[in-house]
Amino acid sequence: MSYDMLKLAVEGLSGGKNTIVLDDRGMPSFMVRFPKLKNSELIDGATEDTHPAFIVDGVEKDEILISKYQNIVKDDRAYSLPLMDPKVYVNYDQAIQYSENKGKGWHLMTNAERAAIALWSKKNET
């Protein structure tokens, strides 16, 4: 199955909530889309400002993409793939490097991204 067909299948089956993104070597990772949220959508009485997770280098993003699966490591690169045993016994510096080795835009999840997802989960009682 080609990348385009696989991406269409994943997006179609998930109602657009999941996608596949290729790294700079053309290797896929399954990702979950989180559309841009305001602080007020996460915390009652909070400001109407966009949550910091959706601001990168001063630019607002329409969405963030988060790994759907715990990552495996292949060739010193992290990948979010189903039905695979995740890499274990990784220190913080290694985790950063495995993520950044994938090319421009790839990074270890930030505190702001974790906070946004935690607040969204709490708000939605999940």
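Predicted model: local features only at pLDDT ≥ 70, side-chain atom pairs only at ≥ 80, totals over all residues.
**Entry 1**

I began with Trp-120, which is partly exposed because its relative accessible area is 33%. My terms here are buried for under 20% relative accessible area, exposed for over 50%, and partly exposed in between, with a 1.4 Å probe and protein chains only. Residues are numbered from 1 along each chain as its sequence is written, and side-chain values use heavy atoms, with hydrogens and water left out.

I then looked up aromatic pairs, and the structure holds two of them. I count rings of Phe, Tyr and Trp (its six-membered ring) as paired if their centres lie within 6.5 Å; planes under 30 degrees apart are stacked, over 60 edge-to-face, and the rest tilted.

Phe-30 and Tyr-69 make an edge-to-face pair, at 5.9 Å centre to centre with 70° between the planes. Phe-30 sits in strand β2 and Tyr-69 in the loop between β5 and β6 (72-74), so I noted a link between distant parts of the chain, 39 residues apart. Helices (H or I, at least four residues) and strands (E, at least two) are DSSP runs, numbered from the N terminus. Phe-30 is buried at a relative accessible area of 14%, whereas Tyr-69 is partly exposed at 29%.

Trp-120 pairs with Phe-34, also edge-to-face, at 6.3 Å centre to centre and 85° between the planes. Phe-34 lies in strand β2 and Trp-120 in helix α4, so this pair ties together parts that are 86 residues apart in sequence. Phe-34 is buried, with a relative accessible area of 16%.

**Entry 1: along helix α4**

Next I followed α4 itself, residues 111-123. The helix has 13 residues and reaches 18 Å from its first C-alpha to its last, close to the 18 Å expected at 1.5 Å a residue. That expected span is 1.5 Å times one less than the number of residues.

Which residues of α4 are buried? I found Glu-113, Ala-116, Ile-117 and Ser-121. They lie on the same side of α4 because they cover an arc of only 130° around the axis, taken from the directions from the helix axis to the C-beta atoms. On the other side, Asn-111 and Lys-122 are exposed. The cover over the buried residues includes β2 (28-35), α2 (39-42) and β5 (63-67). Just after α4, I noted that Glu-125 takes a positive phi of about 50°.

**Entry 2: the cores**

I looked up the nonpolar cores, meaning sets of buried Ala, Val, Leu, Ile, Met, Phe, Trp, Tyr and Cys residues joined through side-chain atoms within 4.5 Å. The largest one has 10 residues, among them Val-32, Phe-34, Leu-42, Ile-66, Ala-116 and Ile-117. β2, β5 and α4 are the elements that give two or more residues to this core. In soluble globular proteins, nonpolar side chains tend to be buried together.

Ile-117 touches Phe-34, Ile-66 and Met-109, leaving out residues up to four places away in sequence; contact here means heavy atoms within 4.5 Å. A second, separate core has six residues, including Val-10, Ile-20, Tyr-79 and Leu-81.

**Entry 3: His-51**

Is His-51 buried or exposed? I count His-51 as buried because its relative accessibility is 7%. The residue is in the loop between α2 and β3 (55-56). The side chain of His-51 reaches the backbone nitrogen of Ala-53 at 3.0 Å. Not counting residues up to four places away in sequence, His-51 touches several residues, including Leu-37, Leu-42, Ala-112, Ala-116 and Leu-119.

I checked Asn-18 in strand β1 (residues 18-22). Asn-18 is buried, with a relative accessible area of 13%. Setting aside neighbours within four places in sequence, Asn-18 is in contact with Val-10, Glu-11, Met-31, Val-32, Arg-33 and Lys-68.

My last stop was Gly-26, in the loop between β1 and β2. Gly-26 counts as partly exposed at 40% relative accessibility.

Conventions:
Polar contact = N/O pair within 3.5 Å; in protein donor to acceptor, adjacent residues only side chain to side chain.
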